Amino acid sequence: MASVVTNLGHGLAVAAMRGGAEPKYVGWGTGAGTAAAADTTLFSEVDVDLVTGTGTRTTGTSSQVTTTYTGDTYQVVATRTATGNGTVTNVALFDNPTIGSGSMYAKSDSASWSGGSVTLVAGDSITFTLQVKKG
Amino acid sequence: MDETIRIAENVTLVGTLTIRRGPEWLAANGYPPDAEVIETRETILGVVELPVVPGGPHYSEGD
């Protein structure tokens, strides 16, 4: 079970704070594995049909919200609606909308989710609310 | 003058997955087509330390 900020993600975090590439693109995968900081890809990233390994990630809506101190949290909200059947086992934030491109900022495998992986059929959706909070 | 500036001491990643079931799932599981079935899953994605970057913006507790 693991969820990590990747090695590349550290640099992206700094870039985002400075107005650079923003890691607001959400992708999901169907493969097995434990997330590690050295990872640069999802486990078997797929498009919304849960089969095809190419396509487009979902552009999230990013905002600066408050958890403890004013504006201390970077938040991305994105909804992905499945057009096919499959099981989502991992999710990640990227700085690029195209599957197979860009740098991965953070990654989480389903062993760290309450309830584990999520089996979807066409028409089901997941709204991801991902927060990066200082402190 | 201290030229070493911290970006952040650490960050916590938190995630919520809100799953909404569609018509195909509802039919297969005996729900009426207009039913709203929502599951929520939460996760602590991890606590990590960001690198100290000389010359970067300064953040400290209470900023």
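Predicted model: local features only at pLDDT ≥ 70, side-chain atom pairs only at ≥ 80, totals over all residues.
## Nonpolar cores

The largest nonpolar core holds 22 residues, and the members that touch the most others are Val26(A), Trp28(A), Leu120(A), Ile126(A) and Phe128(A). Two or more residues each come from strands 2 (25–29), 6 (73–81), 8 (90–94), 9 (104–109), 10 (118–120) and 11 (125–134) of chain A, and also from strand 1 (11–20) of chain B. Strand 11 of chain A is the leading contributor, giving four residues, the most of any element. In soluble globular proteins, nonpolar side chains tend to be buried together.

Val26(A) illustrates the surroundings of one such member. Beyond its neighbours within four places in sequence, Val26(A) contacts Val76(A), Ala78(A), Val91(A), Ala92(A), Leu93(A), Phe128(A) and Leu130(A), as well as Arg57(A), Thr58(A) and Arg80(A).

## Chain B

Chain B contains one helix and two strands, arranged β-α-β from the N terminus on. Of its 63 residues, 37% are buried. Among contacts in chain B between residues at least 6 apart in sequence, 71% connect residues at least 24 apart. The accessible surface of the chain is about 3,900 Å², with 52% belonging to carbon and sulfur atoms.

## Salt bridge within chain A

Over all chains, the count is six salt bridges. One of the pairs is Arg80(A) with Asp47(A), at an N to O distance of 3.9 Å. The two residues are 33 apart in the chain: Arg80(A) belongs to strand 6, whereas Asp47(A) lies in the loop between strand 3 (45–46) and strand 4 (58–59) of chain A. Arg80(A) counts as buried because its relative accessibility is 0%. Asp47(A), at 18%, also counts as buried.

## Network across the chains

A network of salt bridges links Asp124(A), Arg21(B), Glu39(B) and Arg41(B). Within it, Asp124(A) forms a salt bridge with Arg21(B), the closest N and O atoms being 2.8 Å apart. This pair crosses between chains, from the loop between strand 10 and strand 11 of chain A to the loop between strand 1 and helix 1 (23–28) of chain B. Asp124(A) is buried, with a relative accessibility of 0%, and Arg21(B) is buried at 12%.

Arg41(B) and Glu39(B) also meet in a salt bridge, at 3.3 Å from N to O. Here Arg41(B) is buried, with a relative accessible area of 12%, whereas Glu39(B) is partly exposed at 22%.

Notes:
Residues numbered from 1 in each chain as written. Chains lettered and ligands numbered in written order. Heavy atoms only, no water. Core = buried A, V, L, I, M, F, W, Y, C linked by side-chain atoms within 4.5 Å. Buried < 20%, exposed > 50% of the residue type's maximum accessible area, 1.4 Å probe, protein only. Contact = heavy atoms within 4.5 Å. Areas by Shrake-Rupley, 256 points an atom, 1.4 Å probe, with all protein chains shown as cover. Salt bridge = Lys/Arg side-chain N within 4 Å of Asp/Glu carboxyl O.
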